[in-house]
Amino acid sequence: MLQITDTNCKEVLSSNEYVVLDFGAAWCGPCRSLAPVIEKLAKEFEGKVVIGKVDIEESPETTDEFGIRNVPTIQFIHNGEAMPELKVVGAVPESKIRASIEKLMA
Amino acid sequence: MERVKVLIIGSGPAGYTAAIYAARAGLNPVLYEGMLSGGQLTQTTMIENFPGYPQGVDATQMMGEIREQAERFGTDVRFGVVTKVDFSASPKKIWIDEETELEADTVIIATGASAKYLGLPDEQKYMGEGVSACATCDGFFYRKKDVAVVGGGDTACEEASYLAGLCNKVYLIVRKPFLRASKVMQERVMSNPKIEVLFEHNTLGLYGEKGVEGAKLVYRKGEADEKIVDIKIDGFFLAIGHHPNSDVFREYVKCNEEGYIITDGARPTTNVPGVFAAGDVADPLYRQAICAAASGCKAAMEAEKFLKN
């Protein structure tokens, strides 16, 4: 699973058209539930969308830049710009995340 | 199509305990964890009232251990959310994440309950921007800031105490002139200098340009001394109770007005033969981990009996 950090975030965002960032923390129960779903989707959309995880404690700058105030929160990014209407907050079913990814690429 | 003898839906104390019993009875149970692996307890911190842990136990650790116990006896624990069921015939049909279909001879519903919201449009507006129903998840973002918790029960008091350890100030917004919480939790809240309890206050709305910056409350609504109160806060945490996760089953399984699945008195049987309900989804009264575990045990024993006949 791709880890996005304060160090590599800019590069990943500038070199990929579609990026999905899953913000989470080690101590967050719902984040753990979401992890296998994110991993599955990352494999499924490989080559089309870059899906990565951000640890909010390790990467405070990225977390702040995207205005994250809940974990888990998933941000959907097109050409470096977050699409606020697609944002997913909390643990949700796979279908909801998939729908946001499909809208991102539409 | 895959066919299982016992399908367990949910991964809280009820689901995992049902799995331990069903697995030990040789029924090869399959358990789908649902949206919140480990259940509601994973959103709290320490559990101090579960027998056998004199010093308390970390909730995530306890749920991990119960799961391990279920797996040790052969439970097939899987990720996935049940999105549709058909209980009109036997075997029952169940759809996982809208795609995978499987059949089950018996089903144990242990889907628990989810946090309630007040129903204010502002809650949706500021979702992810200051509104939260999980203090242990999101308290991190409010270190040294001012926040409010809504509610007067045990959960609200626990969340307020937890947040007081991180935040500058915590308002506890309570509708009634008293707290419903247990004595020990009440004392913990009332004696914490960082917590200010606002009795007889209702939330009218939230405001802020970039996320939540404050809340408008009303004190003693409808009384002669009614007044509007404005508090400056960065975070708004809900702890006003839960609603049972029974929606997906309601077409077949009888529920009460609040949505709790109706079971047959001492037994966790529902109106559908071979379908059992355990834990908070069928418990409008107690909603404790230990009660959920006990009902999970009963459901597995009933499922075993049902399969023998």
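How many helices and strands make up the secondary structure of chain A?

1. **Before you start.** This is a predicted model, in which local features need pLDDT of at least 70, side-chain atom pairs count only at pLDDT 80 or more, and totals for chains, interfaces and linings use all residues. Residues are numbered from 1 along each chain as its sequence is written, while chains are lettered from A and ligands numbered from 1 in the order in which they are written.

2. **Confidence.** The complex receives an ipTM of 0.82 and a pTM of 0.84 from the predictor. For chain B the average pLDDT (the predictor's confidence in each residue, from 0 to 100) is 95, and 100% of the residues score at least 70.

3. **Chain A, element by element.** To return to the opening question, chain A has four helices and six strands. Both kinds of element are DSSP runs numbered from the N terminus, with helices being H or I of at least four residues and strands E of at least two. Along the sequence they follow the pattern β-α-β-α-β-α-β-β-β-α. The radius of gyration of chain A, 12 Å, is close to the 13 Å that the globule rule gives for 106 residues, so chain A is as compact as a globular protein of that length. That radius is taken over C-alpha atoms, and the rule is 2.2 Å times the number of residues to the power 0.38.

4. Along the principal axes, the C-alpha atoms of chain A fill a box of roughly 35 × 30 × 25 Å. Of its 106 residues, 38% count as buried, a label that requires 20 or more other C-beta atoms within 10 Å of a residue's own, with C-beta atoms placed from the backbone. Among contacts in chain A with a separation of 6 or more, 68% come from residues 24 or more positions apart; a contact here puts the C-beta atoms, placed from the backbone, of two residues within 7 Å.

5. **Where the chains meet.** Chain B brings 23 residues to the contact and chain A brings 20 residues. On the side of chain B that touches chain A, eight residues are nonpolar, 10 polar and five charged. In this scheme Ala, Val, Leu, Ile, Met, Phe, Trp, Tyr, Cys and Pro are nonpolar, Asp, Glu, Lys and Arg are charged, and the others, Gly among them, are polar.

6. **Two domains in chain B.** Domain 1 covers 2-115 + 242-308 and domain 2 covers 121-238, with bounds from an automatic or database domain assignment. Their C-alpha centres lie 32 Å apart. Four residues of domain 1 of chain B are in contact with seven residues of domain 2 of chain B.

7. **Follow β8(B).** Strand β8 (residues 100-109) of chain B runs parallel to strand β1 (residues 2-9) of chain B, joined by seven bridges; strands pair if DSSP finds at least two bridges between them. Val4(B) sits opposite Ala104(B) in β8(B). Strand β7 (residues 92-96) of chain B is antiparallel to β8(B), with five bridges, including one between Ile94(B) and Leu102(B). These two strands form a hairpin with three residues between them, and Asp97(B) in the turn has a positive phi of about 50 degrees.

8. **A parallel sheet.** Also in chain B, five strands form an open sheet in the order β10-β17-β11-β12-β13, with parallel pairing. β10 (131-132) and β13 (195-198) of chain B stand at the edges with a single partner strand each, so one side of each is left without a neighbour in the sheet.

How values were computed:
A residue is buried if 20 or more other C-beta atoms lie within 10 Å of its own, exposed if 12 or fewer, and partly exposed in between; C-beta atoms are placed from the backbone.
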